[in-house]
Amino acid sequence: MFIAWLNKLDGKDWPEELMKYLVDAEKRDHEHIPHALTLYQSILDLNAQIVVEIGTKEGKSAKIIVEALKRTGGHLYSVDKCEYKPVDSPFITYVTSDFVKFNIDNPIDVLFDDGSHDYEEVRKALDNFWSSINTPGLYIVADVDSHILAKEAVTDWAEEKNMGFLFDFRGQGAAYFFKPSYPNRYRGVIDSHQMYKWIPREKDDH
Ligand SMILES: C[S@@+](CC[C@H](N)C(=O)[O-])C[C@H]1O[C@@H](n2cnc3c(N)ncnc32)[C@H](O)[C@@H]1O
């Protein structure tokens, strides 16, 4: 599955309808488009039933997630400490709360952390939700290249847990933690893409 996912990272098979929406919705913000497409495709590939996002705000990412969930029949829990309800959809439940107080019984197929990008918050979210990620599942931390503290947080957390993650340098960057971890034999494929790196590159062995 992960190789298929990686092959799609360059976006050749995106639905016309989604592309039109993205180009229109993100016209002042084109650098987010590759990440939005990866988020969309990951939800489809995992046939995600439960998606959790931290940071609802304008609902830009929620709209993308909902487009994918319409196809998988899954549900988004969009958590924000401020009250936002930007998209009216039966596929979303809005949770107005700090993410630390949010619990869910079912395993999470995809978690998208687009919260404060603060060092402690990024780590706290990983601590809170990593054990609830399904196998297979994906944990994404957004904007890690533009937020140095978020980058340090994912790097430190991964090192402490002896885990690798995929660093995506496109746009504002993103970190992808896979469960199960990406097998070593495929890491060369990742590193052959100029815009992706597996971090840490040598230590991680699961
Ligand atoms: C970058 S914005 C999210 C943008 C949104 N994903 C979009 O596409 O429009 C970050 C959001 O995270 C929320 N946030 C920050 N810290 C949080 C926390 N500890 N718990 C829940 N939400 C938090 C903020 O209130 C803010 O609305």
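In this predicted model, begin by selecting H5 and H6, whose crossing is right-handed. Helix H5 covers residues 119-129 and helix H6 covers residues 148-160, and the two pack at an angle of about 40 degrees with their axes 8 Å apart. H5 is therefore oblique to H6, given that angles under 35 degrees would count as roughly parallel and those from 65 to 115 as roughly perpendicular. To see the contact itself, show the side chains of Tyr 119, Val 122, Arg 123 and Leu 126 in H5, which meet Leu 149, Ala 150, Glu 152, Ala 153, Val 154 and Trp 157 in H6. The residues of this contact divide into 8 nonpolar, no polar and 2 charged.

Next, select the sheet, which is open and has 8 strands in the order E3-E2-E1-E4-E5-E7-E6-E8, with mixed pairing. Its edge strands are E3 (92-96) and E8 (196-199), each of which pairs on one side only. Neighbouring strands of this sheet are turned against each other by 20 degrees on average, with direction ignored. Zooming in on E2 and E3, you will find them paired in the parallel sense over 5 bridges, and Asp 80 has Thr 96 in E3 as its bridge partner.

Finally, select the ligand, which is surrounded by 17 residues, the closest being Gly 55, Lys 57, Glu 58, Lys 60 and Ser 61. Helix H4 (60-72) and strand E2 (75-80) each supply at least two residues of this shell. Colouring the shell by class gives 4 nonpolar, 5 polar and 8 charged residues.

Technical notes. Residues numbered from 1 in each chain as written. Predicted model: local features only at pLDDT ≥ 70, side-chain atom pairs only at ≥ 80, totals over all residues. Axes fitted to C-alpha atoms, helices over the stretch in contact; angles between N-to-C directions. Helix = DSSP H or I, 4+ residues; strand = E, 2+ residues; numbered from the N terminus. Parallel < 35°, antiparallel > 145°, perpendicular 65-115°, else oblique. Left-handed = near helix turned anticlockwise from the far one by under 90°. Contact = placed C-beta atoms within 7 Å. Nonpolar A, V, L, I, M, F, W, Y, C, P; charged D, E, K, R; others polar. Near = placed C-beta within 6 Å. Pairing = 2+ DSSP bridges.
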